Amino acid sequence: MNYFPLFLNLKNQHCLVIGGGDVAARKIRLLVAAGGQITVVAPQLCEELAQAVVAGKLIYLAASFNESQLQNVRLVIAATNSEDVNRQVFEACEARGILINAVDDPASCRFITPAIVDRSPLMIAISTSGGVPVLARQLRSQLEALIPHGYGDLAQMASDFREEVKQTLTSVDARKQFWEKTLAGPIPDMVFAGQHDAARRALSAAIKTDANAPVQGAVYLVGCGPGNPDLLTFRALRLMQQADVVLYDNLVSAPILDMVRRDAERVYVGKKSNNHAVPQEEINQLLVRYAQAGKKVLRLKGGDPFIFGRGGEEIEELAEAGIAFEVVPGITSAAGASCYAGIPLTHRDYAQSVTFVTGHRRDGEVELDWPRLVSPTETVVVYMGVAQVEKICAQLIKHGRSPNTPAAMVEKATLSQQRIVVGTLSNLAQKVAELAIKPPALIIIGEVVNLHDKLKWRED
Ligand code: SAH
């Protein structure tokens, strides 16, 4: 071990920074956040530091470094671009036992600063002992993405309750068990979802009923986008890595399913148009049953759970059964198809509004509010419309939309197998039939479709 890792309490401690440029400013931001009392010594200051001086956050000495400035100082940062000055500061500090860091100048450092992931009060520090700072920063980016922002709030909340837990559960083992169980249960997820009051109430109740009470399950209704795993949200990914049981259907692509925790139980509840594999009511009951058995249940939905996803029905049942649940938004397939096909859904010149409709009807008839969909400045996106494309186009023409209105079908949007058929209301159905387009696919209707040629992604 080349360096001893530590976290330093700098509250109200005098810190001296030599240098007034951007590098100094970066270090000063952290010193201020840690509550240090900072004096900056430099011939001049960058804009940010000048403003901090005006705001009363720093004391500024427009001077060069000299040893008299080290009186009562606990910690020094030399952020100059002169190794000679750094050396001079270093030697002066060493003689007085003051901690000194010279930025990017290891020879003049008593301590070095890590790359940090700040979820205060939780803090992760990463260091390569000064050898490869870029590597430490790369690792930090990965951790930033991996660790929910709510971890800080969770740490704060847990420490707020620490004393209460200590009073209620008197043995060290009981407390350890309590925290292990609580932090592996649904309370952290409530915090990450911003439900702080509910989390506090749940924690308070858990302390009272003791940690030995049965574990409560929870259901997460998670939108996982149109199929490309890169379009998952961080929240979706985190929940996928924690789930005990996953219920999924055919809109959830194989690469996405691969990202679910390996030992989670997988339950296929897929349905195809007119061929319901598992009836909705049964899915609802499954969710309730798994949660009641104390499981973390993930219900993965294609796109967004609340857009033609029957997400509302699923949580209604959970709410009735008193089960904790959370709904995580996903990129709806219309948004995915729009971007990946280069067809903006609105555009200042061509479309001022967009309507999402479903082309699916149990009895095969499409009943939509046609007069509302025929304005030439409106984009219409039809979900579940492959089988009905001919009827839909005919109805729009019949109700007054021009037969020459551009229209496109996007099949398997955002996936490597994506196909796009572009035509007009009068010929789209024929083109779709010729290419044997199959679900999942969306119809996009409106002048914006003309932009596809210009805005589509090119291979070269
Ligand atoms: N909740 C989903 C929609 C479910 S309805 C969402 O927000 O996207 C199912 C329909 O969504 C399909 O029939 C199809 O019209 C559309 N869809 C889902 N994924 C798609 C994809 N990758 N490409 C094109 N359409 C898709």
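Predicted model: local features only at pLDDT ≥ 70, side-chain atom pairs only at ≥ 80, totals over all residues.
Which loop, between which helix and which strand, holds Ala-34? Ala-34 sits in the loop that runs between helix H1 (22-33) and strand S2 (37-41).

1. Ala-34. This residue is partly exposed, because its relative accessible area of 29% falls between the 20% and 50% limits. Leaving aside residues up to four places away in sequence, Ala-34 touches Leu-10 and Lys-11. Thr-209 is 175 residues from Ala-34 along the chain, and the two C-alpha atoms are separated by 38 Å.

2. Ligand shell. There are 17 residues around the ligand, and those that come nearest are Ile-307, Thr-332, Ser-333, Ala-413 and Ala-441. By type, the shell divides into 11 nonpolar, 4 polar and 2 charged residues. Domain 3 (218-331) and domain 4 (334-455) both give residues to this shell, so the ligand lies between the two domains.

3. Polar atoms at the ligand. A backbone N or O atom of Ile-307 is 2.6 Å from a nitrogen atom of the ligand. Ser-333 places a polar side-chain atom 2.7 Å from a ligand oxygen atom. For Met-384 it is again a backbone N or O atom, lying 2.8 Å from an oxygen atom of the ligand. The ligand taken alone exposes 540 Å², and the protein buries 94% of that area.

4. Cis peptide bonds. Ser-120 and Pro-121 are joined by a cis peptide bond with omega of about 5°. Pro-121 is in the loop between strand S6 (115-119) and strand S7 (122-126). Another cis peptide bond joins Pro-439 and Pro-440, with omega of about 0°. Pro-440 lies in the loop between helix H16 (428-434) and S17.

5. Asn-12. Although Asn-12 is not a glycine, its phi is positive, at about 60°. The residue lies in the segment before strand S1 (14-18). Is Asn-12 buried or exposed? Its relative accessible area is 53%, and over 50% counts as exposed, so Asn-12 is exposed.

6. Arg-310. Here too phi is positive in a residue that is not a glycine, with a value of about 55°. Arg-310 lies in the loop between strand S11 (296-301) and helix H13 (311-320). With 29% relative accessibility, Arg-310 counts as partly exposed.

Terms used:
Residues numbered from 1 in each chain as written. Heavy atoms only, no water. Near = heavy atom within 4 Å. Polar contact = N/O pair within 3.5 Å; in protein donor to acceptor, adjacent residues only side chain to side chain. Areas by Shrake-Rupley, 256 points an atom, 1.4 Å probe, with all protein chains shown as cover. Nonpolar A, V, L, I, M, F, W, Y, C, P; charged D, E, K, R; others polar. Domains from an automatic or database assignment. Helix = DSSP H or I, 4+ residues; strand = E, 2+ residues; numbered from the N terminus. Buried < 20%, exposed > 50% of the residue type's maximum accessible area, 1.4 Å probe, protein only. Contact = heavy atoms within 4.5 Å.
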